[in-house]
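Dear colleague,

Please find the structure below, handed over for you to look through alongside these notes. The notes after it describe what was found there.

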Amino acid sequence: MIHDFLSHLIRGYDLFIAWFSIAYILFYIFLSILSYWAIIKHLKYQKYLDEEVLLRSNHILGVSIVAPAFNEGVNIVYNVKSLLSLTYPKYEIIIVNDGSTDDTLEKLIAEFDLVKIDFYYQEKIITQPVRGHYKSTNPVYSKLLIVDKVNGKSKADASNAGINSSQYPLFLCTDVDCILKRDTILKLAKPFMENETRVIACGAGIRISNSCEIKEGFLFKVHYPKEWYPRFQELEYVRSFLFGRMAWSQINGLLLVSGGLGMFDKDIVIKAGGYWHKSLGEDMELVTRMRRYMHDNKEPFLIKYIPESLCWTEVPSTKEVFLRQRIRWARGLVQTLYLHKEMFLNPKYGRTGFLVLPYFFSFEFLVPIIEFIGVITLISSFVFGIIDYQYLLIISLLVYLFYLSITIISILIDEILYKSYANYKELLILIGMAALEPFVYHPITVYASLKGYWLFFRKKEQNWGIMVRKGYTTPTKK
């Protein structure tokens, strides 16, 4: 009797998995078509609006670059010099020293001739106390502003202090260790100036700087990561940024603008309340709240995405640091969905309520849970001898080949458009890693997601933790 009950239960779950897989594949094909359309549209449109015309315009929008820094003394000078080299006629750099316990502030003061100044500081977004503002006595560094504050235990609190201190209508939020292309500000600011509908946020591609050659804060040569965890993350970045986010941008459904590189309309961010300092996924939560604010006030808006790699950042290279990051991301996802649950299927919130949030709930939040139940079901089928090997083989092969196709297409499109790697050997290694990803890397990400959900529902506290950085490879002289 138990055998019959389990047999019916497993067959029912198998049927559910089959229909869920079909729905997932069809939706991903839909996103792929949208992404391809958006990329072609972007490339064609670039020909009609010359960026040099924007640079010479009297109406160009000013941009404040906000970069929190905590214990970045090793590379802070090079990082700031890299930001100062960006090409844009109207911008400022705001480095927020978030209560560093090393020599970050001292190095900045010594290198850039900083002095403490009287600064009219308006706390439009509440943060931990700001201890002071510093400017350089050297006119060469007139764009630089240093904000010194008490540690807020989150990037969100430091970013909010930078926003409060900024003078321009747009701000670009990044990490101080990120390496940006020289024309990054212009690329991101362009959508704000060329669209009639108000653009409230804009993102772009982020790539992995592990194993890249860096000289004094500048990207010298791009290399495919040498370590396993960064290699798999490279696959994720290419697939998600090029396919996923371009597709959502095409239908104005972006819910995530990366905290490593995102430009925002400061006025809307302040009205929405700024970054939430208790969020473990502050970038996604802010964009969700901004969308909510615009819907509540019945104001049309756009959130754009650019299919170009404009930023390089170091990612976790060890299992310990990687798991800590992904557990936090998982908690941030479920936290955001829970906080904004009243938006689900609510006509007031348009496509955000009827398409975007249901997608993230079904295909981002639920998938790790469904996969875990699937493993238990598979083990039970083996134990009780009721497994359908032919059905299992067909479904597994279908999902694997579809995943592999999407990943390889993403890699090839990226290489054709942007020539991201040093040689074809690196490209072939990346494709080889794609074949291994479902068996080696994916189970680890599923585990991290499940643990993140478990900790969230148990209401266990989790700090951001420290990202242990290995630094960059310095180019050798020939």
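Rings of Phe, Tyr and Trp (for Trp its six-membered ring) are taken as a pair if their centres lie within 6.5 Å, with planes under 30 degrees apart counted as stacked, over 60 as edge-to-face and the rest as tilted. By that rule, a search of the whole structure gives 28 aromatic pairs, and ring pairs link F16, F20, Y24, F27, Y28, F30, W248, Y359, F360, F363 and F402 into a cluster.

Please bear in mind that this is a predicted model, in which local features need pLDDT of at least 70 and side-chain atom pairs count only at pLDDT 80 or more, while totals for chains, interfaces and linings use all residues. Residues are numbered from 1 along each chain as its sequence is written, and side-chain values use heavy atoms, with hydrogens and water left out.

On the charged side chains, a salt bridge is a side-chain nitrogen of Lys or Arg within 4 Å of a carboxyl oxygen of Asp or Glu, and the whole structure holds 17 of them. Burial is judged by relative accessible area (buried under 20%, exposed over 50%, partly exposed in between, with a 1.4 Å probe and protein chains only). K149 and D157 are joined by a salt bridge of 2.6 Å, N to O; K149 counts as buried because its relative accessibility is 0%, and D157 counts as buried because its value is 4%.

E234 and R207 form another salt bridge, with the closest N and O atoms 3.2 Å apart. This pair links distant parts of the chain, since E234 lies in helix α7 (residues 228-250) and R207 in strand β8 (residues 199-208), 27 residues apart; helices (H or I, at least four residues) and strands (E, at least two) are DSSP runs, numbered from the N terminus. Both E234 and R207 are buried.

E426, found in helix α13 (residues 424-440), is buried yet has no salt bridge, the nearest side chain of opposite charge being R231 at 7.7 Å; for charge, Lys and Arg count as positive and Asp and Glu as negative, whereas His and the chain ends are not counted.

Turning to the strands, which pair if DSSP finds at least two bridges between them, β3 (residues 114-117) is joined to the antiparallel β4 (residues 130-136) by 4 bridges, and β4 is joined to β5 (residues 144-149), also antiparallel, by 5 bridges. H133 in β4 stands opposite I117 and also opposite V147 in β5.
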